Amino acid sequence: MNRTQEKLLSIFLLAISLPIQLLVAIVISMQLGRPVLFHQRRAGLNGRTIMVSKFRTMTDARDSAGDLLPDDQRQTKLTRLIRRLRLDELVQLFLICRGDMSLVGPRPLLPETLSSFGRLGEVRNSVKPGLTGWAQVSGNTRLTDKEKLSLDLWYVGHRSFALDMRILAETLLVPFRGEIRNDRRLDDAKAWLRQSPESPASAELVGGLA
C-alpha cells in the first residue's frame, strides 16, 4: 500500500484502539507499576536508529545471581494475555502515523542484531520495519533467527498491496489460532534465496537453514 493509504488506515486503527490502549495501560499500572511503557532503540529504514515503544508486560525480577528470571516467571496472567493478543504493540501505531514504521514489514531489530546479518541485513531493512510481517504470521516464536530472516527477505522481494492485506488479515487470526510454523513458506523462501542477486550471502543463509 502507498503511504497515503497506510497513514489513513493507521490513523483509523489508532483512533479505534485508543480505548483499548488506555485499558491496557491501566492494567499494567495496577499489575506491574510504572513505567507503563518499555522503550528500546531499534534499526529502522536503511538501518537508521528509531525508538520503538511497547507496553511493558514483564517485571525486572532477577535470581540470586542477578540474572533476569525466565520470561514466563516475570509475567502475570493478564500481562501474558496482553502479550498473546499483541495488545502491547498497539502503541507502535503512533510510529506508523509518524512515518518511522509501516503496518507491514520486517519487525524492527536491535541495531547489533541487524549488523550481524551483514549485506542481507541491509537488504532486509531496505523497507520500513512493520507492526507485523511475513515471519510473524508464518511461525514467529517457532522460527529461528535465520528462518525469520529468510522470510523477511522473501517479503522484501515480493511485497505488494495484496500481500500486505493478506498479512494483516492473518495477523488478526494469530491470537486465536496460535503461532503455527509454516514450513512450506520456509521452503519457498529458501528456493527463492538460491536465485537471489545476493547469491554468496544468500547461499550461506540457505546452508544454515538446511
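## Close-up views of a predicted model

**View 1. Leu87 and the residues around it.** Leaving aside residues up to four places away in sequence, Leu87 touches Ile20, Val24, Phe55 and Ile82. The model shown here and in the views that follow is a predicted one. Leu87 itself belongs to the loop that runs between H2 and helix H3, the latter formed by residues 93–98. Although Leu87 and Ile20 are separated by 67 residues in sequence, their C-alpha atoms are 8.1 Å apart in space.

**View 2. The protein as a whole, for orientation.** The secondary structure comprises nine helices and four strands, and, read from the N terminus, the elements follow the order α-β-β-α-α-β-α-α-β-α-α-α-α. Along the principal axes, the C-alpha atoms occupy a box of roughly 50 × 50 × 35 Å. The radius of gyration of the protein is 18 Å, which agrees with the value near 17 Å that a compact globule of 210 residues would have.

**View 3. The packing of helices H1 and H2.** Helix H1, which spans residues 3–31, packs against helix H2, which spans residues 77–84, at an angle of about 145 degrees and with the two axes 10 Å apart. The crossing of these two helices is left-handed.

View 4. Arg34 and Pro35 are joined by a cis peptide bond, for which omega is about 5 degrees. Pro35 is located in the loop that connects H1 with E1.

View 5. Strand E1, made of residues 37–43, and strand E2, made of residues 49–55, pair with each other in the antiparallel sense over seven bridges. Leu37 has Phe55 of E2 as its bridge partner, while Arg42 stands opposite Ile50 of E2. Asn46 is not a glycine, and yet its phi is positive, at about 55 degrees.

**View 6. The packing of helices H6 and H8.** Helix H6 (residues 145–158) and helix H8 (residues 183–194) pack with their axes 9 Å apart and at an angle of about 70 degrees, and H6 is therefore roughly perpendicular to H8. The crossing of H6 and H8 is left-handed. From H6 the contact draws on Glu147, Ser150, Leu151, Leu153, Trp154, Gly157 and His158, and from H8 on Arg185, Leu186, Asp188, Ala189, Trp192 and Leu193. Among the residues of this contact, seven are nonpolar, three are polar and three are charged.

**View 7. The packing of helices H6 and H7.** The axes of H6 and of helix H7, which covers residues 161–177, come within 9 Å and cross at roughly 140 degrees; H6 and H7 are therefore oblique to each other. In this contact Trp154, Tyr155 and His158 of H6 meet Leu163, Asp164 and Ile167 of H7. By class, the contact consists of four nonpolar residues, one polar residue and one charged residue. Trp154 and His158, which take part here, also belong to the residues with which H6 contacts H8.

Conventions:
Residues are numbered from 1 along each chain as its sequence is written. This is a predicted model: local features need pLDDT of at least 70, side-chain atom pairs count only at pLDDT 80 or more; totals for chains, interfaces and linings use all residues. Side-chain values use heavy atoms; hydrogens and water are left out. Two strands pair if DSSP finds at least two bridges between them. Axes are lines fitted to C-alpha atoms, for helices over the stretch in contact, and angles run from 0 to 180 degrees between N-to-C directions. Angles under 35 degrees count as roughly parallel, over 145 as roughly antiparallel, 65 to 115 as roughly perpendicular and the rest as oblique. A crossing is left-handed if the near helix is turned anticlockwise from the far one by less than a right angle, and right-handed if clockwise. Contact means heavy atoms within 4.5 Å. Ala, Val, Leu, Ile, Met, Phe, Trp, Tyr, Cys and Pro count as nonpolar, Asp, Glu, Lys and Arg as charged, and the others, Gly among them, as polar. The radius of gyration is taken over C-alpha atoms; the globule rule is 2.2 Å times the number of residues to the power 0.38.
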